[in-house]
Amino acid sequence: YKNNSSVNLPFKTDSFQYWSSSLIKYSKSSKLESEIKYWKNICDQDVQLISKNDINVNSNIEESTNVSFTLGKEITSLLQSKVHNVYNTEINDILLTGLAIALKNTFGIERSILKMEGHGREEIIKKVDVSRTIGWFTTIYPHLLRIDSNDALENLVNIKESLRKIPN
């Protein structure tokens with residue numbers, strides 16, 4: 001180390017093993033049990049699936065396993081800094097609203113279930129600190145993506161509100 005000085009690291013945080021055993025206890029708690037109704041409601045939704053026939057009929061893209069595009073600097077800047085100020089939205093709210101509108105316009109689907117992924121370090125268990133713990137803490141959960149109107153702003157607000165209702 002530079003100038004022969006010692007390295008002072010912050011205190012160690014909880015281990016991945018401690019965190020995972022705490023999650024097992026949390027999974028049996030009354031707090032999580034109170035969320036069952038929410039998650040059951042999401043999983044019990046009757047949604048239309050996109051069939052391979054729908055994709056071939058409704059797509060003007062030749063068969064491909066990947067379709068991609070790039071947004072320019074100006075649009076990316078607007079998405080990151082300007083578009084969400086009015087309704088206090090986040091980028092996920094805007095992107096998911098765009099996806100929902102695209103699903104409706106392309107396939108006629110107004111309700112779909114998405115597999116959402118989070119960073120997994122949400123503070124759902126008190127006194128467990130994994131801020132300096134190395135590891136992959138991903139959470140995966142279902143989310144109902146729903147278009148209720150032909151008004152894009154109304155859909156944006158509804159999708160934003162549905163995301164804010166996700167427990168923990």
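I started on the strand pairing: Ser112 has Leu145 in β2 as its bridge partner. β1 and β2 run antiparallel and are joined by 8 bridges (two strands pair if DSSP finds at least two bridges between them). My helices (H or I, at least four residues) and strands (E, at least two) are DSSP runs, numbered from the N terminus.

Bookkeeping: this is a predicted model, so I take local features at pLDDT of at least 70 and side-chain atom pairs only at pLDDT 80 or more, while totals for chains, interfaces and linings use all residues. Residues are numbered from 1 along each chain as its sequence is written, and side-chain values use heavy atoms, with hydrogens and water left out.

Next I looked along β1. Buried means under 20% relative accessible area, with exposed over 50% and partly exposed in between (1.4 Å probe, protein chains only).

Then His143, in strand β2. Is His143 buried or exposed? Buried, with a relative accessible area of 1%. Beyond four places in sequence, I find His143 in contact (heavy atoms within 4.5 Å) with Ile42, Ser112, Ile113, Leu114, Met116, Ser162, Leu163 and Ile166.

From there I hopped to Ser162, in helix α7 (residues 152–164). With neighbours within four places set aside, Ser162 touches Tyr38, His143 and Leu144. I also checked Ser162 against Asp93: 69 residues apart in sequence, 9.5 Å C-alpha to C-alpha.

Core check. The largest nonpolar core has 10 residues, including Leu114, Met116, Leu145 and Ile166; a core here is a set of buried Ala, Val, Leu, Ile, Met, Phe, Trp, Tyr and Cys residues joined through side-chain atoms within 4.5 Å. α6, β1 and α7 each give two or more residues to this core, and α6 has the largest share, 3 residues.

Last, the pocket. A pocket is an open set of points on a 1 Å grid over the protein atoms alone, where a 1.4 Å probe fits, with protein on both sides within 12 Å along at least five of seven lines; lining residues have an atom within 4 Å of a point. Of its 34 lining residues, Glu122, Ile124, Thr139, Pro167 and Asn168 are the closest to the centre.
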